[in-house]
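Please turn to the sequence and the structure, which I shall now display.

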Amino acid sequence: MNIALITGASSGLGRQFAIQIDYLSMHQKIRKIDEIWLVARRREQLKELSVTLSTRTRIIPMDVTNDISMIQYHEILQQESPHIQLLVNCAGFGLLGKFKDLDIADQLAMVDVNCKALTKMTYFCIPYMAKGSHIIQLASSAAFLPQPNFAIYAATKSYVLSFSHALSEELRKDEIIVTAVCPGPVNTNFFTIAEKYGSNLAVKKLTMVEAPAVVRAALRAAYRKKTVSVYSPLIKAFHVLTKCMPVKWILYVLRKFK
Ligand SMILES: NC(=O)c1ccc[n+]([C@@H]2O[C@H](COP(=O)([O-])OP(=O)(O)OC[C@H]3O[C@@H](n4cnc5c(N)ncnc54)[C@H](OP(=O)(O)O)[C@@H]3O)[C@@H](O)[C@H]2O)c1
């Protein structure tokens, strides 16, 4: 059985990946997916999504940071031995604000979801992948540069980007394609959570894009065997800038423009 497994499928980008993978599979634009496995904590949202899809789905309501849930999920894989055609790791969140002011447990929870859970999920899934399978990891443009007032989130996404690059090389011979997706601000529920401490990202209003376009570009990049997907001209320019200029200089300029 060919499956696509999507974490963070209850909203935003994960939900959009489910919709577009369903469409591409039903219209034979990609290899046929027999089942889409939808992972997130909110069961109701997963159910609502599930009835809108044409592909058969399996709802897996779980917290990806919960060790027992992860063991149970691993057992499902061992019992059913599916062929994972696509793994999309979308579960994640960010918190804006100064490191010293934010609750430490909340900040470490970002590391747990964005880094630890993504790593574990990837590790559990690789044995069920074969030539032509895809791993899509949601990083962020925040991965390109250390970000004051978004310090831990940006650090977690740098981890995702670095890990994805290395994994892409390691899996090259197996012909498993790894793509890190690095969008700037996207219009999802993300900022409702990110702004819970009151800080906000001023630049987001200028650069905000819609989830369907980001996911379309990400899937196109993945099927073109690209290691990184960056959407929108502004974020592409930002990406190039972070590669050309010393980090210290960029942070200095950004400080002056605040
Ligand atoms: N929106 C942006 O501006 C933006 C930009 C760059 C990168 N990203 C990245 O894109 C990914 C998706 O974000 P989004 O914009 O789609 O935000 P979103 O609408 O808030 O979606 C986040 C998803 O993650 C799931 N999730 C969070 N914690 C979880 C946990 N412990 N266990 C299981 N699922 C969990 C949520 O589901 P439940 O609450 O139901 O568990 C939800 O489905 C994230 O990794 C984010 O960092 C977002």
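Let me begin with a definition: a patch is made of residues with over 30% relative accessible area and no salt bridge, and nonpolar side chains are joined within 5 Å. Please also keep in mind that this is a predicted model.

With that term in hand, let us consider the surface. F99, I104 and L108 make a nonpolar surface patch of about 300 Å². Where does I104 lie? I104 belongs to helix α4, which comprises residues 104–125. The relative accessible area of I104 is 47%, so this residue counts as partly exposed.

I turn now to the ligand. There are 29 residues around the ligand, and those that come nearest are S11, R41, Y153, V186 and T188. What classes of residue form this shell? The shell has 16 nonpolar residues, together with nine polar and four charged ones.

A polar backbone atom of L13 is 2.7 Å from an oxygen atom of the ligand. In the case of V64, a polar backbone atom is 2.9 Å from a nitrogen atom of the ligand. K157 takes part through its side chain: a polar atom there lies 2.9 Å from a ligand oxygen. How much of the ligand's accessible area does the protein cover? On its own the ligand has 880 Å² of accessible area, and the protein covers 96% of that.

Next, I ask you to look at helix α9, residues 233–244, where T242 is found. Is T242 buried or exposed? With a relative accessible area of 14%, T242 is buried, because the cut-off for that word is under 20%. The side chain of T242 reaches the backbone oxygen of H239, at a distance of 2.7 Å.

Finally, let us consider H27. This residue is placed in the loop between α1 and β2, the latter being residues 35–40. H27 has a relative accessibility of 43% and therefore counts as partly exposed. How far apart are H27 and P212 in sequence and in space? They are 185 residues apart in sequence, while their C-alpha atoms are 17 Å apart in space.

Thank you for your attention.

Definitions and conventions:
Residues numbered from 1 in each chain as written. Predicted model: local features only at pLDDT ≥ 70, side-chain atom pairs only at ≥ 80, totals over all residues. Heavy atoms only, no water. Patch = residues over 30% accessible without salt bridge, like charges linked within 9 Å, V, L, I, M, F, W, Y side chains within 5 Å. Areas by Shrake-Rupley, 256 points an atom, 1.4 Å probe, with all protein chains shown as cover. Salt bridge = Lys/Arg side-chain N within 4 Å of Asp/Glu carboxyl O. Helix = DSSP H or I, 4+ residues; strand = E, 2+ residues; numbered from the N terminus. Buried < 20%, exposed > 50% of the residue type's maximum accessible area, 1.4 Å probe, protein only. Near = heavy atom within 4 Å. Polar contact = N/O pair within 3.5 Å; in protein donor to acceptor, adjacent residues only side chain to side chain. Nonpolar A, V, L, I, M, F, W, Y, C, P; charged D, E, K, R; others polar.
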